[in-house]
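Please keep the structure in view while reading.

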Amino acid sequence: MKLQTKNTNSPVWRTITVKNDLPGKLSKLDELSKNLWWAWNSEAKLLFHDLDPDLWRTTGQNPVMLLYRISHDRINQILADDSMLRRVDDVYDKFKEYINTPMRDDLPSVSYFSMEYGLCNALKIYSGGLGILAGDYIKEASDRRVNMTAIGFLYRYGYFTQTLTAEGQQIANYEPQNFNQLPIEPLLDENGHQFVLSVPYPGRTIFANVWQVNVGRMKLFLLDTDLDLNSEYDRPITHKLYGGDWENRIKQEYLLGIGGVMLLKRLGIKHDIYHCNEGHAALLNLQRLVDFVQDEGLKFDEALEIVRATSLYTVHTPVPAGHDYFDEGLFGKYMGEFPEKLGITWDELMNMGRENPNSNEKFSMSVFALNTTQESNGVSWLHGEVSRKMFQGVWKGYAPEESHVGYVTNGVHMPTWAASEWKSYYARTFGSDFFEHQEDEAAWAPILNVPDREIWDMRMRLKNKFIDFVKRDFTESWLNNQGDPTRIMSIVEKINPNALLIGFARRFATYKRAYLLFNDLDRLSRIVNNEKYPVQFIYAGKAHPADGAGQDLIKRIIEISKMPQFLGKIIFLENYDMIVSKRLLTGVDIWLNTPTRPLEASGTSGEKAEMNGLLNFSVLDGWWYEGYRKGAGWALTSRRNYKDQGQQDKLDSATIYSMLENEIIPLYFNKTSDGYSPAWIQYIKNSIAHIAPNYTMSRMMRDYFVRFYKPEAERAARLKDNNYALARDIVRWKENVAARWNDVRLEGDIQMSDTLLNAISDAKEIEAVLRVNTAGLGRDIKVELVAYQEVDGEPKFHKRIPTEVIAEEGDVLTYKLQYKMSSAGMFRFAFRIYPWNDNLPHRQDFAYMKWV
């Protein structure tokens, strides 16, 4: 017999998950684990912790995995513990009471689309602030009983886990998630099988498993393409958050927007408002246009009126480079079939995504979002101003100050981010119904009158809890990754609860300027090595794997932390996640933030700090530009002294050192015989009373309803009434204006009073008369004077002054301006003609205008 060199093949491995079959008395835990209500309910979270504290920690606070892995011996111990069984029943009863309270029917319903959601540490479908905000938002929707449905992705690898080498080099580890061990459930179809969504892509169909995340009372549906029905080319669409090349990105955004709308349609979910959280989801309006054209029989322009009236776009990015742009060839590869579906040309579709139509610009998802939504907003007052300037080119001829782009300053979900100790204290101090009106500053006012000792004891309790967490959870990883056990143990021993702890934790992008503290190491050394006034800095954060500068910055901080003078004084906690974040945000004394203004759109970590009695020390940017109150935190000036960023950084560094040395550190250590500084406690009280209530997610959601959802829903209802009669009327009006617009012209010269031609006093009246041929559009043609004032040598928009019609001769109308000046200075002015219809929501909705 001839010997064979190979007589076997490779095994075909399959996965089966075996879980504990919980006894009847504990079966309620399985239902609790599958609803993220536990993530912001302290009693439920503590219950899962107490089932097996070590297992709770090693599973990353994942109750589903905990129930899979808990031992039979431990289950038997729990069954024999009557007090534990009562706790299970009590928590479950509270959960069912919460869940069974119906949604409100007096508010507009909302579909919410986002690429990421930060809901709990166990579900890794987020990377940073955008996702945490979206997660907080849908939690608040549940608490406020808002009829909202959310759409996102279930990523196989999610965002990376961070480890650091001994030299401080970041290593990004992409670890696959086992979907069967996550707090999610497969969405089932009518046959009891997992719901699979079919999404037509050019030349093929892509299939997505649909998963359901129960977020309290509301549902988040996640799409997952990692299944055998798809080719190896398409399965990775939902592998990584923001991963892959530009083609994978457009495939993701196609699935999120177009696939997401198809899913809602399949499920029979039709809402009043469609909210696009960042431009990634903008294609949802493309599919909605198709549905109105094909299903409702509307013309494209009629469909656009309805889609716009029911849509909101929230931008989180303060610079144009941060938005998604696609080459026409790549965009055409995936969107080439849509013009025919809509009854428009390819160029018309491309122009919807171009700031300058009929140019060679790439297709901008943000511009498309602006052109298909009635309203859009930034995420803080300052970011709203930045966004108006950033998007000015979309509506040419209008100053940023005239833009309809609004803002809602971000907030945080207080029940998630406030420590359980603070939540209990707030309930005792403010009343049990406090959480129902947490956005009301008056509800927080009693904090001003509580004994100082209670505030100090709370802060020390949480500081010690944080230090215990660091010693327990980081010692082992430091020993494994960063060498020299003697040095590691020295660091652990030097973490001092009596020191002033200053935290800096966020994404390590260079504009965040984590390096500011290290511009003068000698001065920093004197600060942290003052034995009388000990100070320690705690850093954490990840850099994007493609951001070499951000990774180098982490490496530099690690190098500095190993210098003898900074050992145990500068500490870096690796793998910044929601668990580390909450411990930091409840345990340090000061939250430091040093972005380059105005590149921090909002920032929410400092808001979370407010809920826990931490004090903010930050650049006046993002939310802190509005939030700062004297005597309740510290601010670096918003004024820019140098054009050169390096020189500005040096100045800001020196300012940080000076404020620490002369204000902050002396205030903290100005302790009486009681062991604390009454002045420091007053800062905390002021911060909680006057800042915290204004930055809750409850306030943020109220703002969205008041400023956007309700007005849009009311207007949309009028447009849809009587078979879209008003929408059709508006389209006919716009078409008529567009057809006649080129014939609208000034007749003769503008007659201006001497007061418009010469220097005058600010009490004088100005007058002008214009005759305009309206080309048959009559009084729908408006005329106004637009004034700019010279401020520091630059023209700044001052105001627009309307005219009134004083005569009408056929198509020619005479307009008169009469206005008494009330401001002194140098002004530039011009006259502008524009069409107007009272059924329009704002001027940018139909931005025709011409200067005369």
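## Aromatic pairs

Phe-160 counts as buried because its relative accessibility is 1%, under the 20% limit for that class. The model discussed here is predicted. In the aromatic pair that Phe-504 and Phe-508 form, the centres lie 6.3 Å apart and the planes stand at 70°, an edge-to-face arrangement. Phe-504 and Phe-508 are both buried.

How many aromatic pairs does a search of the whole structure find? The search returns 54 aromatic pairs. For Tyr-159 and Phe-160, the ring centres are 4.8 Å apart and the planes meet at 40°, so this pair is classed as tilted.

Two lysines are placed over aromatic faces. Lys-240 lies over the face of Tyr-174, at 4.0 Å from the ring centre. Lys-608 lies over the face of Trp-417, and here the distance from the ring centre is 4.8 Å.

## Enclosed space

Rolling a probe the size of a water molecule over the atoms shows where empty space is left. In this model the count comes to three cavities of 30 Å³ or more. The second largest cavity holds about 40 Å³ of space.

Which residues line the second largest cavity? Its lining consists of Arg-388, Phe-391, Gln-392, Trp-395, Tyr-398, Ala-399, Pro-400, Ser-403 and Gln-844. By class, five of these lining residues are nonpolar, three are polar and one is charged.

## Overall dimensions

The protein chain contains 29 helices and 28 strands. Its C-alpha atoms fill a box of roughly 95 × 80 × 65 Å along the principal axes. Of its 852 residues, 58% count as buried.

Why does the radius of gyration of the protein chain agree with that of a compact globule? A compact globule of 852 residues would have a radius of gyration near 29 Å, and the protein chain has 30 Å, so the two agree.

## Backbone geometry

Most residues other than glycine have a negative phi, and most peptide bonds are trans. The peptide bond from Arg-597 to Pro-598 is cis, with omega near 5°. Pro-598 is placed in the loop between β18 (590–593) and α24 (605–610).

The other two places concern phi. Gln-61, a residue other than glycine, has a positive phi near 60°. Gln-61 is located in the loop between α3 (53–58) and α4 (63–69). Tyr-724 is not a glycine either, yet its phi is positive, at about 65°. Tyr-724 is found in helix α28 (residues 697–740). With 11% relative accessibility, Tyr-724 counts as buried.

Terms used
Residues numbered from 1 in each chain as written. Predicted model: local features only at pLDDT ≥ 70, side-chain atom pairs only at ≥ 80, totals over all residues. Heavy atoms only, no water. Phe/Tyr/Trp six-rings, centres within 6.5 Å; stacked < 30°, edge-to-face > 60°. Buried < 20%, exposed > 50% of the residue type's maximum accessible area, 1.4 Å probe, protein only. Lys NZ or Arg CZ within 6 Å of the ring centre and 35° of its normal. 1 Å grid on protein atoms, 1.4 Å probe; cavity = no way out; pocket = protein on both sides within 12 Å on 5 of 7 lines; lining within 4 Å. Points joined across faces, edges and corners; volume = space filled by probe spheres on them. Nonpolar A, V, L, I, M, F, W, Y, C, P; charged D, E, K, R; others polar. Helix = DSSP H or I, 4+ residues; strand = E, 2+ residues; numbered from the N terminus. Rg over C-alpha atoms; globule rule 2.2 N^0.38 Å.
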